[in-house]
Amino acid sequence: MPTFSRALLSVILAVCCASPVAAAVVVTSPGGRAAVTMTLSPAGVAGWSVSWRGKSVLDRAPIGLRFAGNGPSALAIARITRRSHDGVVTGLLGKASTARERYNEAAVAFSGSPDSLELVIRAYDDGVAYRWQFRTAGPFAIQAEDAGFGMPATASAWVGPASGFVSSHEPYYSAGPLAQAAPDGTLLTLPLLARRDGVWVGIAEAAVHDWAGLYLVRNTGHPGLSGRLSPRPGQPDVAVTGGAGPHVSPWRVVMLGDAPGRLIESSLVTLLNPPPDGRDWSWVRPGKTSFPWWNDYVWPGQGFAPGLNTATMDAYIDFDADHGIPFHTLDGFMDQAWYPGPIQPDGTVQDLTRARAGIDMDEILARARRRGVALRVWCHWQVLRGQMDTAFDRWEKWGVAGVMVDFMDRNDQDMIASTDEIARKAADHHLTVVLHGTSEPTGESRTWPNVLSREAVRGSEYDKFDDNPGSTPAHEVTIPFTRMLAGPMDTHEGGFDAVSPAAFHNRNTAPQVMGTRARALATYIVQENELPMVADTPAHYDGATGFDFVTRTPETWDETRVLAGAPGRYVVIARRRGASWWLGAMTDGHARTVPVRLGLLHAGTWHLDGYADTRLPNRARHVTARVQQGQRLVIRMAEAGGYAAHLSPARQNEASR
């Protein structure tokens, strides 16, 4: 894996001031698009406002930290340190392998504040961010963080409500004017998407380490949105605690663009995280994994009863090897884990270093090595926390490639620390990590490249459950513009038993998905995920139209471009890997024709090979064509349909034949 960071330029633009300075600070992005203005009220309360291309995006709203034991302090600016940076970050995994990091920054130090408080403001051409930093001589406690976002109630918004601070972060998104989409006092998960006066705005957080996760809430008495930190367990009035030393808050991020797709293309959340340490990360391997929990271990005609047994695992390993799927995941079945005990801990001892009766771990590990398939394992967070060192050590000795940790369902400071510990200790044992039942990513994959993906999204597992409408077509074309702004999302991809929304019904065993076969193929391109699932039964894949497309679609990309889209209606995304482009399109519950220009191709003839909708949801039409740079490609999608294609230079395609 290449070097992760290469700084090109970092220059101090202004020296610190020795005396108090004016109570206003403006930071403008290098290209002049975005600007942040920080001001102090007459009472010494800090606030900020944001503009983009001269348009007001966020009106002034208060920002600050409320320390326990300290009353409100009247802040005064003591000094301002400015600098600019222009560099290229390389070796990233996800939407782009490289990203330009170019910003202007002001670090504002305050007098009359506790604990040497500073506010760091950055302005990029595609967004802005700020964070607090301070130093304490002893223990401290933060009761709350004032994180205001001055958005008018009439602005269009797409928001994900949370039922409370204990949440798996898997909402359906509401859309409409902010006052309508976000009921008064309702906690809202991040990211949040909005549009004001033609400017698209994504609100997120980045680099959440040793801090509590942030929610937003709209209160009628206070215009716009206010931040709410997840409280510490058992301490409802305390969010963050710590000891002596320097401390930094997460970044509060506002992504900006003239179209919603520009926010998807942005790497801002990732870039705001620290680079990884200097160890060798070349062992980190993205890829697809079979995942029988989703289909409930359905595989007829095998001569054995599929389930938590050696024969099933061996059969999956053989299937994966035959089709080029690099991973198989040991999970659970009928409320039982692959290790001794239930999926939900019941107080009994559950040993993660051995498999339950019926699974010969030595046999399946040997078979996996022979067939070139690596095993991954699932576990419950509460089971892992008491035996993390021994489990990770044993799994490394077994040759396990990675772990899915589930059911955290919190993002308070303690849980954030636990997930960081999982990432660090897993890296020490050459294990990659996927987190389910967790909060959204905040760009931590830059710091921990072994953290390949997170759930924190309502995906196809809801097609199994009876008490909801499943993963609807409109929802699936909302989450690329909302949840995916934060980073990779694991949605249980690969459902091949597609039906129309009208014909769909939930079922736990061999679940269906709403839409079309071409739509299922498109998810592997539209949805960012470095460890996507091949979650359906192999019986649905053998000989199925388009399965070859699934197995050859990359998981990481060199470049991402959004060609068209509207939240909740449709999306067309092109992603480049090497010399080839892959194009995925999805629509809501309506049939749709979307013309796109192939301006991203370089000059010459290109070979298009893909799949389009037919009149039958569970079928797809294989399409091939010769296309040119700038050509108009007309994508026709059926109700809840999709389109997926691979575009390669014609000479390259002919040489490979």
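## The loop that holds T186

In this predicted model, where local features need pLDDT of at least 70, side-chain atom pairs count only at pLDDT 80 or more, and totals for chains, interfaces and linings use all residues, T186 lies in the loop between α1 (178-181) and β13 (188-196); helices (H or I, at least four residues) and strands (E, at least two) are DSSP runs, numbered from the N terminus. Residues are numbered from 1 along each chain as its sequence is written, and side-chain values use heavy atoms, with hydrogens and water left out.

Setting aside neighbours within four places in sequence, T186 is in contact (heavy atoms within 4.5 Å) with P161, L216, V217 and R218. T390 is 204 residues from T186 along the chain, and their C-alpha atoms are separated by 41 Å.

## Helices α8 and α9

Two packed helices are described by the angle between their axes and the distance between the axes. For α8 (residues 388-398) and α9 (residues 413-428), the axes come within 9 Å and cross at roughly 35°, the axes being lines fitted to C-alpha atoms over the stretch in contact, with angles running from 0 to 180 degrees between N-to-C directions.

On the α8 side, M388, D389, F392 and E396 meet E421, I422, K425, A426 and D428 of α9.

## The whole chain

The protein chain has 14 helices and 38 strands, and its C-alpha trace spans about 80 × 60 × 45 Å along its principal axes. Of its 657 residues, 61% count as buried, meaning under 20% relative accessible area with a 1.4 Å probe, protein chains only. Among contacts with a separation of 6 or more, 72% join residues 24 or more positions apart.

Terms used: Buried means under 20% relative accessible area, exposed over 50%, partly exposed in between (1.4 Å probe, protein chains only).
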